[in-house]
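Subject: Handover of a structure for your study

Dear colleague,

Please find below the structure that I am passing on to you. My notes follow it, and I would ask you to read them with the model open.

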Amino acid sequence: MLYISRILRYQRVIHQKPFQLLLRNWHKESSNLIPVSWQKPKIGWTKLNFDGSCKCKTGKSSIGGIFRNHEAEFLLGYAESIGKSNSTIAELAALTRGLELILENGWEEVWLEGDSKSLVEVIVQKRVVRCVEVQKQINCINLLIPKIKSCIVTHVFREGNRAADKFAQLGHHLKKPQIWRNDPPKHLLRIVNEDAEGKTFFRTR
């Protein structure tokens, strides 16, 4: 009886229209996908995307970040090598440098965005961590953020932080800190333009 019931179930399945089966599978797959894209800040706001990079084998680290306005226009980019470190310190150092540049340029309404969810949560919730060096970086950030008139901090998946990642990667090849104003490096133009156009990526939950 068990064998017969399996045959009957199989027959019911194969007699369904192929389009119905395909549609069901598509809905199942699409429900597991998260759309990710870079988002423009509000009018009058400046957005900083920051990132840190660490070479696992050598420990060599670098930082980078990119500032854009509400029209997705490139304002400023930065990158530099910070010597041997780890990915956590590199992420925090990238944000710290970005905050310093915000204050230097007098931007008052700023959106800070990085792709390390745990670090963003630590900063937003003002948690205390055990690592002394990491906490030192966090304390510095907590002193700089209140100097900005309006500031929000959010997490974005890596697909929405590609430009910052490229600047951080670029930092590995620099002998001294570098800043770009008004025009990004040519090899980053494609990503900057795709972000401005709202290119969307899909990642699995």
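Which elements do the buried residues of α6 pack against? They pack against β2 (46-54), β3 (60-68), β4 (74-84), β7 (178-181), α7 (189-197) and β8 (201-204). Helices (H or I, at least four residues) and strands (E, at least two) are DSSP runs, numbered from the N terminus, and contact means heavy atoms within 4.5 Å. Buried stands for under 20% relative accessible area, exposed for over 50%, and partly exposed for the range in between (1.4 Å probe, protein chains only).

This is a predicted model, in which local features need pLDDT of at least 70 and side-chain atom pairs count only at pLDDT 80 or more, while totals for chains, interfaces and linings use all residues. Residues are numbered from 1 along each chain as its sequence is written, and side-chain values use heavy atoms, with hydrogens and water left out.

Helix α6 (residues 162-171) is largely enclosed by the rest of the structure, because 8 of its 10 residues are buried. Among them are Arg-162, Asp-165, Phe-167 and Leu-170.

The sheet comes next. It is open and has 6 strands in the order β6-β5-β2-β3-β4-β7, with mixed pairing; two strands pair if DSSP finds at least two bridges between them. The edges are held by β6 (150-155) and β7, each with a single partner strand, so one side of each is left without a neighbour in the sheet. Neighbouring strands are turned by 15° against each other on average, direction ignored. Such angles run from 0 to 180 degrees between N-to-C directions, the axes being lines fitted to C-alpha atoms, for helices over the stretch in contact. The pairing of β4 with β7 is antiparallel and has 4 bridges; Leu-76 has Arg-181 in β7 as its bridge partner. Helix α4 lies across β5 and β6, at about 145° to β6.

A nonpolar core is a set of buried Ala, Val, Leu, Ile, Met, Phe, Trp, Tyr and Cys residues joined through side-chain atoms within 4.5 Å. The largest one has 28 residues, of which Leu-48, Phe-67, Leu-95, Leu-99, Ile-102 and Leu-112 touch the most other members. Its largest share, 8 residues, comes from α3. Leaving aside neighbours within four places in sequence, Leu-99 is in contact with Leu-112, Ile-141, Leu-144, Ile-145 and Ile-148. A second, separate core of 12 residues includes Ile-66, Ala-79, Leu-170 and Val-192.

There are 14 salt bridges, each being a side-chain nitrogen of Lys or Arg within 4 Å of a carboxyl oxygen of Asp or Glu. In one of them, Arg-158 meets Asp-165, with the closest N and O atoms 2.8 Å apart. Arg-158 is partly exposed at 43% relative accessibility, whereas Asp-165 is buried at 18%. Another joins Lys-199 to Glu-194 (3.5 Å, N to O). Here Lys-199 is partly exposed at 36% and Glu-194 is buried at 13%. Both belong to a network of salt bridges that also links Arg-68, Arg-162, Arg-190 and Asp-195.

Finally, the structure holds 0 disulfides, a disulfide being a pair of cysteine sulfur atoms within 2.5 Å. For Cys-54, the nearest cysteine sulfur is that of Cys-56, 6.1 Å away.

Yours sincerely
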